[in-house]
Amino acid sequence: MKIIKSWLFVMCWLFYSIPALAVNVNTAPAEEIAKQLNGVGAAKAEAIVTYRTQNGAFETLEDLSKVKGIGAATLDKNRENIEFDVKP
């Protein structure tokens with residue numbers, strides 16, 4: 001029984017220790033953005049894609065903050081999960 005409890009503890013610890021996957025806000029569809037970023041639902045993710053389509057690729061977090069509904073708190077929560085790479 002102790003072995004099972006130890007195994008469960010280790011598995012839970014590993015599961016919660018794995019960081020969320022980074023999302024490239026310049027190429028990802030709205031569904032992926034909403035899934036990968038904390039505090040970003042379908043409406044904000046659509047706003048990101050719309051802004052990107054109308055204004056071009058994001059280069060910095062400051063650029064992303066120009067999207068309505070994406071503020072400092074949202075960016076701080078997701079700083080490590082956002083990529084800006086633009087692939088040719």
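Modeller: Let us begin with aromatic pairs. Rings of Phe, Tyr and Trp (its six-membered ring) form a pair if their centres lie within 6.5 Å; planes under 30 degrees apart count as stacked, over 60 as edge-to-face and the rest as tilted. A search of the whole structure finds one aromatic pair. This is a predicted model, in which local features need pLDDT of at least 70, side-chain atom pairs count only at pLDDT 80 or more, and totals for chains, interfaces and linings use all residues. Residues are numbered from 1 along each chain as its sequence is written, and side-chain values use heavy atoms, with hydrogens and water left out.

Biologist: Why is the pair of Tyr-51 and Phe-58 called stacked?

Modeller: The ring centres of Tyr-51 and Phe-58 are 5.6 Å apart and their planes stand at 15 degrees, so the pair is stacked.

Biologist: What makes Phe-58 count as buried, and why does Tyr-51 count as partly exposed?

Modeller: Buried means under 20% relative accessible area, exposed over 50%, and partly exposed in between (1.4 Å probe, protein chains only). Phe-58 has 1% relative accessibility and therefore counts as buried. Tyr-51 has 22%, so it counts as partly exposed. In the chain of 88 residues, buried residues make up 30%.

Biologist: How many helices and strands are there in the chain?

Modeller: Helices (H or I, at least four residues) and strands (E, at least two) are DSSP runs, numbered from the N terminus. The chain has five helices and two strands, in the pattern α-β-α-α-α-α-β along the sequence.

Biologist: Which residues of the largest nonpolar core touch the most other members?

Modeller: A nonpolar core is a set of buried Ala, Val, Leu, Ile, Met, Phe, Trp, Tyr and Cys residues joined through side-chain atoms within 4.5 Å. The largest one has 18 residues, of which Ile-33, Ile-48, Leu-64 and Ile-82 touch the most other members. At least two residues of this core come from each of α2 (30–36), α3 (42–55) and α4 (61–64). With three residues, α3 supplies the largest share.

Biologist: Why does Ile-70 count as buried?

Modeller: Ile-70 has 6% relative accessibility, so it counts as buried. Its place is in the loop between α4 and α5 (72–78). Contact means heavy atoms within 4.5 Å. Leaving aside neighbours within four places in sequence, the contacts of Ile-70 include Val-40, Lys-44 and Ile-48. Ile-70 and Val-40 are 30 residues apart in sequence, and their C-alpha atoms are 8.2 Å apart in space.
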